[in-house]
Amino acid sequence: MSIATSLPGRAALHPVPLAWRNLTANKRRLLRSSGGIGFAVLLMLMQLGFERAFFDSSLMVIRGLDGDLFVQSAHKYQFATQDPFPAAELDAARQIPGVASARPFYADWFDMFWKNPADGKIFLIRAFAFDPDQPVFSFAQINAERGRLKSPDTVLVDRRGRPFLGMDRTAGQSQLNGVTVKIVGNFALGPDFMSDGTVVMSARTFADVLHGAAGNPPGIEAGVIKLAPGADPARVQAALKKTLPVGLSVMTKDQLIAFERKFQAEVSSAGPIFAIGTVVGFVVGMLISYQITYTDVADQLPQYATLKAIGYPTLFLLRVVLEQAALNGLAGWVPAWLASILLFRVIGELALLPMRMSLGITLLSLGLTLGMCLISAAIAVRRVVAADPAEVF
Amino acid sequence: MCAMVAERPAPIPAEAAPASAPVVSVDGLNHYYGEGVARNQVLFDNRIEIPPGQLVVMTGPSGAGKTTLLTLVGALRSVHEGRIAVLGRDLGRLPPHDLVAVRREIGFIFQMHNLFEALTAYENVKMAEQLGHEPPETGRRHCLELLERLGLGHRIDYKPRLLSGGERQRVAIARALVNHPRLVLADEPTAALDKDATRVVIELLKETTVAQQAAVIMVTHDYRIIECADRLVHMVDGRIVSDVVLHDALRICEFLRPIDLFRALTPNQLTHVAEKMTKRHFSSGETIIREGEAATEFFLISDGEVEVVRAENEVARLGRGDFFGEVALLSGELRNATIIAAEPLETFVLGKDDFQAAIEASPSFRDQLYRVYFQRH
């Protein structure tokens, strides 16, 4: 005698949508449960959004550099830290076959003090510099205005810099490290979690401004290398590594981005803080989801036991509970996702951070939501598994 | 009321058992609750065999073991000691996942309806129907027919909270019957029903037994159902103390009533005697009692003839409605004749103790017996 324990094919094909019906039967309860789960999802989305904004803002400068390979000190643990090397080191790079150009990129994050032209207050900002005849940025506005930078002591200011810096082109002039500079244009970059604003200038102005501060001509923070058409990046990278001093590293743009991302995620405190924030949201969501599923299962335990009694396998009941939990998660995720788009926009504008909903955040938050609901349902569903069908008599 | 039987779809053939085989067979069943020192026996050596087409009503006081027996027969508990065969399958030998499959062939009616509040009446029935094997359209039609039949045709899209207690219970009954079960187990199925709804439910259950040859085992104290039962099983303290096939009891009463010996008995006394009698068959030529033996039983001939033989000579013939074996029981002497079946014989037998009890219970019965006794001597 062969007795099948799986559901007959028809039940599998056209079942009563029990999970959906359970979910939608009580609109008020659905509103409460989706609100609870949605709150946890929103917590996770905000953490993910902040984390992504943090990474993106720290990577915007690297992404904005117009190069195929980048030379920087091998001792750097992140891009935005200072370890300059002589610009002359790039002369050897220019001799490597396949290298079309090797341009110096100057930067300073720690010694550049900007005076707000309106109120006279002084703030630490970051400064980037290059030879106006050897542009290194792909930002159109910087490239359009780079001719103006040839005049001494001229700067371009970041109009998305924090308002308290007073980086307003209409101001005409201001002071950097006590040196009066003329504001000749602006660009839109925005702050990151380290810097509130940015000025861009020529290498000559950069030297002038820092000469007063350090007393020595500045080194460069990176060499921006463009390859000749058809050149093999890996081969040129290998040749550069062989040619340049041991203290310099050569990375492609992707490697440089990964280098920076690794620092932010693993070394800096910010990455783990956002990750922990996301985990807290996940745990809160799990608790809420568990409470919702547990209450629902407890309320319907006699019904589930009855289904067991009339011949439904336990696996079917598990599927119903898990399906309902997943639907509950979706019901919470959708409004939270929509709300987060609005919140991202508002916070992005207020905090001047690149808060954007991305496909990655969308999929990750959806996965986390389903995960937290299914895990909590898997714990709560033990009551259904233990339900004794004999008890319904 | 009980005679109303509508035509129903053909029953689903059983997988393992022939149609005539008992639907339920219980033998030597013991059951326990608890473990170790707390282990408590709740069923004691119960035996019962229920053929197809029988509506069995189980009665007994609370804690008598009715529900436990019902859940064991329903494959909802594991068998501890003894044997239970349902639809030809020995439940004690089946692994748990096969017990689930057996339960799909049983219709369960619980005292608590346990309907999903989120589903409509139709969907609650369909939850059970989709476990069956009917094509979708037939299944859907059958769900609707059943609900219609149970007076819920206008409420198929209602959710349980909009139904009365009786209506909810009728949905649960439809859920139990929708897959044409060959066994229905019911616990107080009409407790929440009014008179008309009860009538419809009883009709349906009777139809199930007649048209589908299903067995229905029902725990109830509703006299309206007891009136229609084919068999009454009474349990006390975990034991089946009385198991009466009412059809046989009625036949026995019909036989006993015209006999002078039993005429003085009240209907209750007559029924009590009938309930104590068990059916026994003898083949032609078989000796039923032997001259010189000690008397242990009283016999009533239901069908066939016997020869009364004394000293190897036939002295009389007894037929349908006659009785024998009472003389030695009354006198305490040994049998004074040999009784041999002259043809295939059906008798109802009353044991010595029950015979004596009946005599003690009714002085008039005793007087009648003695009058017959002295007439025969």
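In which helix of chain B is B:Arg103 found? B:Arg103 belongs to helix α2, residues 96–103 of chain B; helices (H or I, at least four residues) and strands (E, at least two) are DSSP runs, numbered from the N terminus. The structure is a predicted model, in which local features need pLDDT of at least 70 and side-chain atom pairs count only at pLDDT 80 or more, while totals for chains, interfaces and linings use all residues. Residues are numbered from 1 along each chain as its sequence is written, and chains are lettered from A and ligands numbered from 1 in the order in which they are written.

A residue is called buried if 20 or more other C-beta atoms lie within 10 Å of its own, exposed if 12 or fewer, and partly exposed in between, with C-beta atoms placed from the backbone. B:Arg103 counts as buried because it has 23 C-beta neighbours inside 10 Å. Two residues are in contact if their C-beta atoms, placed from the backbone, lie within 7 Å. Apart from neighbours within four places in sequence, B:Arg103 is in contact with A:Ala309, A:Ile310 and A:Gly311, and also with B:Gly74 and B:Ala75.

The contact between the chains involves 26 residues of chain A and 30 residues of chain B. On the chain A side, the elements that give two or more residues are α1 (9–13), α2 (18–24) and α10 (301–309). Of these, α10(A) gives the most, with five residues. By class, this side of chain A has 18 nonpolar, six polar and two charged residues; here Ala, Val, Leu, Ile, Met, Phe, Trp, Tyr, Cys and Pro count as nonpolar, Asp, Glu, Lys and Arg as charged, and the others, Gly among them, as polar.

Chain A has 13 helices and nine strands. Its average pLDDT (the predictor's confidence in each residue, from 0 to 100) is 89, and 94% of the residues score at least 70. Over residues 1–13 of chain A the pLDDT is below 50, and this stretch has 17 contacts in the model beyond near neighbours in sequence. The C-alpha trace of chain A spans about 95 × 50 × 30 Å along its principal axes. The radius of gyration of chain A is 29 Å, whereas a compact globule of 393 residues would have one near 21 Å; the radius is taken over C-alpha atoms, and the globule rule is 2.2 Å times the number of residues to the power 0.38. In chain A, 43% of the 393 residues count as buried. Among contacts in chain A with a separation of 6 or more, 82% join residues 24 or more positions apart.

In soluble globular proteins, nonpolar side chains tend to be buried together. A nonpolar core is a set of buried Ala, Val, Leu, Ile, Met, Phe, Trp, Tyr and Cys residues joined through C-beta atoms within 7 Å. The largest such core in the model has 156 residues, and B:Val56, B:Val86 and B:Val125 are among those with the most contacts inside it. Helix α3 of chain A (residues 27–63) supplies the largest share of this core, twelve residues. Another core, of 56 residues, lies apart from it and includes A:Phe79, A:Leu176, A:Val184 and A:Ala222.

B:Val86 also takes part in strand pairing: its bridge partner in β5(B) is B:Arg89. Two strands pair if DSSP finds at least two bridges between them. Two bridges join β4 (residues 81–86) of chain B to β5(B), and these strands run antiparallel. Both belong to an open sheet of four strands in chain B, with antiparallel pairing and the order β2-β1-β4-β5. The edge strands, β2 (40–50) and β5 (89–90), each pair on one side only.

Two residues of chain B have a positive phi without being glycine. For B:Glu188, phi is near 45°, and the residue lies in the loop between β7 (183–187) and α6 (195–211) of chain B. B:Glu188 counts as partly exposed because 19 C-beta neighbours lie inside 10 Å. For B:Glu312, phi is about 65°, and the residue is found in the loop between β14 (306–310) and β15 (313–318) of chain B. With 7 C-beta neighbours inside 10 Å, B:Glu312 counts as exposed.
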